[in-house]
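This report is written for a reader who meets this structure for the first time. Please keep the sequence and the 3D view at hand while reading.

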Amino acid sequence: MAINTSKFRKNLISWYLENKRELPWRATREPYLIWLSEIILQQTRVEQGTPYYFKFIEAFPNVQALANAPQEQVLKLWQGLGYYSRARNLHITAQHITGEFKGEFPKTYKELLSLKGVGDYTASAIGSICFDLPTAVVDGNVYRILSRIYGISTPINSSAGIKEFKQLAQKLLDISQSGTFNQATMEFGARYCVPQNPDCLHCIFNKDCVAFLSNTVGELPVKIKKQKIKKRYFNYIVIVSADKKTILNQRTGKGIWQQLYEFPLVESASEISENQLINTDDYVSLSKIHGITELVLYNDVQVVHKLSHQHLYTKFWIGYSNNLNNNGIKISEVQDFAVPVLVSNFISSFPEFK
């Protein structure tokens, strides 16, 4: 028999109050700081995200400061966190709040949900923590806890599953302390009811947990198989001129790394040799424009950069040029541009850029 609502709430909140981590954003109810922490922690572990949280509040102490900053500064500060649409949405939303809401965060769930980059989870978190709104959060941690304790096998990434888990979370929510309850569920999932090998023998719910009692902990939650990983083959042409300049292009189209900078790119259907590369139309055009006189492969083994739905197999080719004249940027300025981690790692390792 599943645990009753009052017992679930009592056990969970008691555990949280005794075991919670002292995280910087838990010492405030300021909506800007809560929103910032929630966006940073999407797809990011607390340990990785915390330094970025401090960097952002130092650079942008309030939503107006963030709104007034150039987007490139925001992207540069975000560099290394990945999923850069979060940073772009952060900036757009700051401008929207400053303009449409006169710098004040909206206080209703519906208005919070209207903000770019804010979905049900983030709107529920901000609303409950900052404004005591009776809205339950449902994230990966909550899916895991509820699916195991209540023995729910509905796929969490299906329409039916999303609806079922939200309804259950809402039913369980302690509306008298919604912010505390929501943080408790997230904390318990992140630190105790973990994805692999949870310590079920000492769990506060083990006498009521359907998954533990039926030996199905490792099978829950159920998730529909992800889409197939796409392989892409990147050939970056790193131009180095005699006058100490290089070329960076900004990615403006839809897809990965929008608005970030990278070296001129020749994408191929598979791994290619130097002879194949120099005969591509993209390389011929690039060489003609920038006067490449010599091409040298930097890494014999492809760098494999893994994104959520695609893996990038990458080679860096050094293209030497006599003179870029008025084109390009100074090599000494490369570090100032917001670039993907893949490119940043190369920049850090390439001697001529140090």
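In this predicted model, the buried residues of helix H14 pack against strand E1 (230-241), strand E5 (265-268), helix H13 (274-278), strand E6 (292-297) and strand E8 (310-321). Helix H14 itself covers residues 281-290, and its buried residues are Tyr283, Leu286, Ser287 and His290. Seen down the axis of H14, these buried residues fall within an arc of 100°, so they line one face of the helix.

Among contacts between residues at least 6 apart in sequence, 68% join residues at least 24 apart.

| Pocket | Volume | Lining by class |
|---|---|---|
| Largest pocket | about 1600 Å³ | 17 nonpolar, 13 polar and 13 charged residues |
| Second largest pocket | about 450 Å³ | eight nonpolar, eleven polar and two charged residues |

Which residues lie closest to the centre of the largest pocket? Of the 43 residues that line this pocket, they are Leu41, Gln43, Asp139, Gly140 and Asn141. At least two residues of the lining of the largest pocket come from each of helix H3 (46-59), helix H8 (120-131), helix H9 (140-149) and helix H11 (178-191). The second largest pocket is lined by 21 residues, and those nearest its centre are Gly82, Tyr83, Trp257, Leu307 and Ser308. Here the elements that give two or more residues to the lining are helix H6 (85-100) and strand E7 (303-306).

Turning to the cysteines, the count of disulfides comes to zero. Cys193 is in no disulfide, and the nearest cysteine sulfur, which belongs to Cys203, is 6.5 Å away, whereas a disulfide is defined by a pair of cysteine sulfur atoms within 2.5 Å. Cys193 counts as buried, at 12% relative accessibility. Cys209 is likewise in no disulfide, with the nearest cysteine sulfur, that of Cys200, 6.4 Å away. Is Cys209 buried or exposed? With a relative accessible area of 7%, Cys209 is buried.

Leaving aside its neighbours within four places in sequence, Gln64 is in contact with Thr98 and Gly103. From Gln64 to Phe8 the separation is 56 residues in sequence and 41 Å in space, taken C-alpha to C-alpha.

Notes
Residues numbered from 1 in each chain as written. Predicted model: local features only at pLDDT ≥ 70, side-chain atom pairs only at ≥ 80, totals over all residues. Heavy atoms only, no water. Buried < 20%, exposed > 50% of the residue type's maximum accessible area, 1.4 Å probe, protein only. Helix = DSSP H or I, 4+ residues; strand = E, 2+ residues; numbered from the N terminus. Arc of directions from axis to C-beta. Contact = heavy atoms within 4.5 Å. 1 Å grid on protein atoms, 1.4 Å probe; cavity = no way out; pocket = protein on both sides within 12 Å on 5 of 7 lines; lining within 4 Å. Points joined across faces, edges and corners; volume = space filled by probe spheres on them. Nonpolar A, V, L, I, M, F, W, Y, C, P; charged D, E, K, R; others polar.
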